[in-house]
Amino acid sequence: MDTNQSWIDWYLSEPRGKYQVKIDKEYIMNAFNYYGIRQKVNLFSAALELMVKNYYQPINIDEDDKSKQIIIEQQAEMLYGLIHARYLLTNEGLTKMYEKYINGCFPKCPRKLCKGMTCLPYGVSDELNEYSVKLFCPSCKEIYNMPDNSMATVDGAYFGPSWVNLFISKYSSLFKNINIEKYVPKIYGFRIQSQFYENHDEEETLS
């Protein structure tokens, strides 16, 4: 790694941080933005100190100190993630996610009928340790698991559920021409009528 880069730059360059945006320093340093977060992060002060360092350089330390350093780094990631979820609700945060979106930084919807619609990283819950980050498709409005294994342990609370609605509302022009194509069941190319299922259910009931 580049030892001259900050912890934030290092973290965002890692696979786990690739879908997150860089939070403005002013936002990070505003104590108001930590309301309700402090009690969720152990070693809050140490984690914040590491997070705002202008450079991040691991040093050779003994095993006991190394274990503590690992814990602080884990807490710094958690702290950054929780602040990140709030930052995405700001105009600056949404703008940075827009840049990622139009640059194709996020995965495509796995549903064939969505024709390669770019998804958005989505948190099912605002609470930690409930769900990993998922994908939300603006076309079919479905939620999918991440295809990338490196994201399997990234907490969904680092994004939360609210920012997606704000994003779609703010950048509605991106999605105004979406034509939601529904799956039509067919047999030998012929569309199956709903009456087929009704008659089939009746036959099973009688038998």
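Reader: How many aromatic pairs does the structure hold?
Author: The structure holds 14 aromatic pairs. Rings of Phe, Tyr and Trp (its six-membered ring) pair if their centres lie within 6.5 Å. Planes under 30 degrees apart count as stacked, over 60 as edge-to-face and the rest as tilted. This is a predicted model: local features need pLDDT of at least 70, side-chain atom pairs count only at pLDDT 80 or more, and totals for chains, interfaces and linings use all residues. Residues are numbered from 1 along each chain as its sequence is written, and side-chain values use heavy atoms, with hydrogens and water left out.

Reader: Ok. Why is the pair of Tyr11 and Tyr80 edge-to-face?
Author: Their planes stand at 70°, so the pair is edge-to-face. The ring centres are 5.8 Å apart.

Reader: And where do those two sit?
Author: Tyr11 is in helix α1 (residues 7-13) and Tyr80 in helix α4 (residues 63-87). They are 69 residues apart, so the pair links distant parts of the chain. Helices (H or I, at least four residues) and strands (E, at least two) are DSSP runs, numbered from the N terminus.

Reader: Are Tyr11 and Tyr80 buried or exposed?
Author: Tyr11 is buried, and Tyr80 is too. Buried means under 20% relative accessible area, exposed over 50%, and partly exposed in between (1.4 Å probe, protein chains only).

Reader: What about Tyr122 and Phe136?
Author: That aromatic pair is tilted. The rings are 5.8 Å centre to centre, with 35° between the planes. Tyr122 is in strand β1 (residues 120-122), and Phe136 is in strand β2 (residues 134-136). Both residues are buried.

Reader: Which residues do ring pairs link into a cluster?
Author: Tyr98, Tyr101, Trp163, Phe167, Tyr171 and Phe175.

Reader: Let's take Tyr171. Where is Tyr171 found?
Author: Tyr171 lies in the loop between α6 and β4 (186-187). Tyr171 counts as buried, at 12% relative accessibility. Leaving aside neighbours within four places in sequence, Tyr171 is in contact with Leu94, Thr95 and Tyr98. Contact means heavy atoms within 4.5 Å. The C-alpha atoms of Tyr171 and Tyr98 are separated by 8.1 Å, though the two are 73 residues apart along the chain.

Reader: Zooming out. How many helices and strands does the chain have?
Author: Seven helices and five strands. Along the sequence, the pattern is α-α-α-α-α-β-β-β-α-β-β-α. Buried residues are 40% of the 207 in the chain.

Reader: Which residues of helix α3 are buried?
Author: In α3 (residues 44-51), they are Phe44, Ala47, Leu48, Leu50 and Met51.

Reader: Why do they line one face of the helix?
Author: Seen down the axis of α3, they fall within an arc of 160°, so they line one face. The arc is that of the directions from the helix axis to the C-beta atoms. An α-helix has 3.6 residues a turn, so residues three or four places apart point the same way.

Reader: What is on the other side of α3?
Author: Ser45 and Glu49 are exposed there.

Reader: What does Ile72 touch?
Author: Leu43, Ala46, Ala47 and Leu50, not counting residues up to four places away in sequence. Ile72 is found in helix α4. Ile72 is buried, with a relative accessible area of 12%.

Reader: Glu77 next. Is Glu77 buried or exposed?
Author: Glu77 is buried, with a relative accessible area of 12%. Glu77 is also found in helix α4. Residues up to four places away aside, Glu77 touches Trp7, Tyr11, Arg16 and Tyr158.

Reader: New topic. What volume does the second largest pocket have?
Author: About 200 Å³. On a 1 Å grid over the protein atoms alone, a cavity is a set of points where a 1.4 Å probe fits but cannot get out. A pocket is an open set with protein on both sides within 12 Å along at least five of seven lines, and lining residues have an atom within 4 Å of a point. Grid points are joined across faces, edges and corners, and a volume is the space filled by probe spheres set on the points.

Reader: Which residues are closest to the centre of that pocket?
Author: Of the 14 residues that line it, the closest are Leu82, Ala85, Arg86, Asp126 and Ala157.

Reader: And which helix gives the most to the lining?
Author: α4 does, with three residues.
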